[in-house]
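Trainee: I have a structure to look at before I set anything up. Can we go through its pockets and core?

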Amino acid sequence: MKGKVLVTGADGFIGSHLTEHLVSCGYPVRAFVLYNSFGTCGWLDTLPESMLSQIEIFRGDIRDPSQVQKALAGIETVFHLAALISIPYSYEAPEQFMQVNTGGTMNILQAARQLGTRRILLTSTSEVYGTAQYVPMDENHPLAAQSPYSASKIGADKLGESFFRSYGLPVTIVRPFNTFGPRQSLRAVIPSIIVQLLQGKKEIHIGNPEPTRDFVYVKDTAKGFRIIAESEKTIGQEIHIATQTEIAIGVLIQQLTNKISPAVKIVPDTHRIRPQNSEVMRLMGSHKKLHEYTGWVPETSFEEGLRQTIEWYDNPQNLAYFERVKNHL
């Protein structure tokens with residue numbers, strides 16, 4: 001990987017960690033952040049000034065083809081992470097998910113093709129598979145759209161595949177399994193439970209405790225993106241970032257309560273359960289291909305990742321950021 005890189009969705013959870021990682025590795029980074037009237041750059045605003053000063057900020061909207069064209073000018077490698085990711089919200093606004101996730105990816109691919117961009121990494125999701133038909137799930141696992149969110153990402157993946165096959169565009173589809181860690185939205189299960197416990201809640205309301213997930217610590221995910229981009233072998237491939245382990249949501253929640261507030265009561269809440277045919281019951285990915293191509297293995301144990309995540313959310317300054325964002329909605 002050479003030259004300047006672009007990270008779309010750099011203001012978000014994984015995007016900000018990836019931006020930070022790339023800068024620390026010496027890459028010149030242009031960060032595509034969603035324009036807003038407050039002039040804020042999401043999680044990038046929390047980075048040290050010494051690092052932030054090295055990042056070129058581009059404010060825009062991934063749905064605007066002309067802005068995407070401008071953002072890609074002079075870029076060698078694109079890490080496309082900008083997306084709507086809330087599965088519950090996708091039931092309410094499926095058209096918006098198609099516009100951002102599928103349409104935004106089309107804008108990236110068209111601009112990259114016109115500009116001759118050297119590498120394009122498209123961010124997929126393990127949700128494209130639906131419930132596992134076998135484990136560990138490799139890149140040949142059948143796709144199943146069990147939510148409008150997953151359908152929008154399948155569409156984006158297939159666009160990337162078609163541009164590689166039709167135009168020879170150097171596309172790689174990166175498919176992280178369930179990433180967790182500092183800066184993750186409080187809508188996600190791990191930070192949601194951690195914050196409720198730290199705030200002294202006496203009851204924790206949960207949906208279905210039975211689904212299993214393959215959780216990857218965010219710094220391992222960020223490193224995975226970088227080394228995928230640095231390998232020529234990954235061009236035209238779908239690549240998992242996964243740990244090849246799984247944990248049931250109910251077991252995870254019990255572990256968190258044991259660590260923070262053992263006396264808390266766990267209460268079932270039917271309002272938090274997905275529609276019957278939409279729940280993804282099992283996800284556990286294989287990282288065999290990624291390891292064979294690059295040598296990547298997860299470096300942070302689940303236990304250590306949880307410890308660092310709890311420590312981060314236990315810092316009032318970090319939680320204050322969420323309060324500022326909430327007041328701007």
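Trainee: What classes of residue make up the lining of the second largest pocket?

Mentor: The lining has 3 nonpolar, 5 polar and 6 charged residues. Ala, Val, Leu, Ile, Met, Phe, Trp, Tyr, Cys and Pro count as nonpolar, Asp, Glu, Lys and Arg as charged, and the others, Gly among them, as polar. This is a predicted model, where local features need pLDDT of at least 70 and side-chain atom pairs pLDDT 80 or more, while totals for chains, interfaces and linings use all residues. Numbering runs from 1 along each chain as its sequence is written, and side-chain values use heavy atoms, with hydrogens and water left out.

Trainee: What volume does the second largest pocket have?

Mentor: About 280 Å³, taken as the space filled by probe spheres set on grid points joined across faces, edges and corners. On a 1 Å grid over the protein atoms alone, a pocket is an open set with protein on both sides within 12 Å along at least five of seven lines, a cavity is a set of points where a 1.4 Å probe fits but cannot get out, and lining residues have an atom within 4 Å of a point.

Trainee: Which lining residues are closest to its centre?

Mentor: Of the 14, they are Arg165, Gly236, Gln237, Glu238 and Lys289. The largest share of the lining, 4 residues, comes from α6. Helices (H or I, at least four residues) and strands (E, at least two) are DSSP runs, numbered from the N terminus.

Trainee: And cavities, how many of 30 Å³ or more?

Mentor: The search of the whole structure finds 1. Its lining consists of His80, Thr105, Leu122, Thr123, Lys153, Ala156 and Asp157. Here too α6 gives the largest share, with 3 residues.

Trainee: Switching to the largest nonpolar core: which members touch the most others?

Mentor: Val7, Leu18, Leu22, Phe79, Phe225 and Ile241, out of 42 residues. Such a core is a set of buried Ala, Val, Leu, Ile, Met, Phe, Trp, Tyr and Cys residues joined through side-chain atoms within 4.5 Å. Buried means under 20% relative accessible area, exposed over 50%, partly exposed in between (1.4 Å probe, protein chains only).

Trainee: Which element supplies the largest share of this core?

Mentor: α8, with 6 residues. Apart from this core lies another of 24 residues, among them Ile190, Phe215, Trp312 and Tyr313.
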